[in-house]
Amino acid sequence: MKKTPVVLLACMILLLAGCSKSHTKSADLTQVMADMKQKISNTQMTDLSADDLMPDYGIDSGDVKQFAIYIDSTGTKGDEIILMEGKNSASADRIEKCLNKRYEQKKTEMKSYLPEEYAMLEKCRVRRDGTYVAMIVSPQHEDLEKIYLDALTPRAEKNCLRCLGAAVRIRQKPAP
Amino acid sequence: MKRNRYAKLAAFGIAAAVFSACLGFENPAATTAVIAGEVGEPASAPSARPAVQVCSAAPSSSSEIPWQACVSETQEADPSFLDDAVFVGDSVTLKLKYYAAARRKKDPSFLGKAKFLAAGSMGSGNALQPVSAQSIHPLYNGKKAPLEDSAAKMGAKKIYIMLGINDIALYGIDRSAKNLEKLALRFLKVCPDEELFIQSATPMVREKQLKSLNNKNIAAYDKELLDICQKRKWNYLDVASVMQGSDGALKPEYCSDPGILGIHFTDTACNVWVRYILTHTGKETGG
């Protein structure tokens, strides 16, 4: 009888340890961007390629595991969506630094030229999630960020929640 | 007596303030929202004026140098002519940049391997400012640098410059043209063997003309650029000539923002622009 709580505690620890191994963030950024495009109202945007990583952003393609970039093509709006996964933490550090630079340069350009776009830009930011780095500048940035965050390992987190739920139910089960 | 002295001091102070404001064209703080600042100040009557073909007019300066600045039309060159070209400009050029990126997905040879140095609010005035965290100089390979240095790093042998829209209201026609001349000389100082193509600023739709930024002033600015090119023996590309209608305004079908600023291009306009560039290479055989 006294052993039951100890056994249950041991099971919970094992379950949590198992969950943490699969708690690595992962998302197919091409798919994420495709999902985002369903929400984006700007119809004058274009995808950029790997050839644009270094000249436009100073990002070494050797640091990038996967990416998707979608940018306003008219020259008159600040809409720019950059989704990247670094190959490792150090790569992600470098990518984040480059995107922060890009963000600041956008602010400099827009502040005096396109005040409404600047106001929109100020509500957006560069975000880092593990080895993922994103800059989502869009009037629909809240919806797009939700798509992005939902895409970052929803399955692992749900599995962990299920593990915890099962552990709680075992704990609550009356002793035979 | 005291009243006279104070009056003289006040007059002197006002004169000093006016004088320093006139020198403000190189003051970074003066780089403000040229176009945005003019919103709400439309021209009293949108000017409808016949189109001006800058290159068909004689140069205003009397010179013994033969007429050569205006690049004649030739056979269309192969896009590879632009492999070593860098396009320097503002938001109008930014549109060309992203249009080229989109076209190159299906046609990698579109515009050759031309590169771009463009920023939305760029003008020759703010391009002449020192590089800083707040300066407008576009990043290249993650670094901010003077345009001429970035172009050199890009391996530019041909520089196509289109600036002025963000200068005219701020600095006036004459000073804007002189700033562009100064900027162009900086490119040649860094790379003396670069070939310069000074592109005219392009017109705006008739209804969106403003008090200072309007087609009459743009045409006057372009005329000054032509005179500079004539004097310096630089190539002058009258891009405006293929963008304007009979009234001198940007053709409606070429304008992507007729309800906003009325100066930016559609994809169709970009095609016309690219064709103009490739048929005005300065080479008889088209490169």
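Two strands pair if DSSP finds at least two bridges between them. Helices (H or I, at least four residues) and strands (E, at least two) are DSSP runs, numbered from the N terminus. This is a predicted model: local features need pLDDT of at least 70, side-chain atom pairs count only at pLDDT 80 or more, and totals for chains, interfaces and linings use all residues. Residues are numbered from 1 along each chain as its sequence is written, chains are lettered from A and ligands numbered from 1 in the order in which they are written, and side-chain values use heavy atoms, without hydrogens and water.

**View 1. Strand β5 (residues 158–162) of chain B and its partners.** β5(B) and strand β6 (residues 195–199) of chain B pair in the parallel sense over four bridges. There, B:Ile198 is the bridge partner of B:Ile161. Strand β1 (residues 85–89) of chain B also pairs with β5(B) in the parallel sense, over five bridges. B:Phe87 stands opposite B:Tyr160.

**View 2. The two faces of β5(B).** One side holds B:Lys158, B:Tyr160 and B:Met162. The other holds B:Ile159 and B:Ile161.

**View 3. Helices α4 (residues 89–113) and α5 (residues 115–122) of chain A.** They pack at an angle of about 145°, with axes 7 Å apart. Axes are lines fitted to C-alpha atoms over the stretch in contact, and angles run from 0 to 180 degrees between N-to-C directions. Contact means heavy atoms within 4.5 Å. Among the contact residues are A:Tyr103 and A:Met110 of α4(A) and A:Tyr118 and A:Leu121 of α5(A).

Key
Buried means under 20% relative accessible area, exposed over 50%, partly exposed in between (1.4 Å probe, protein chains only).
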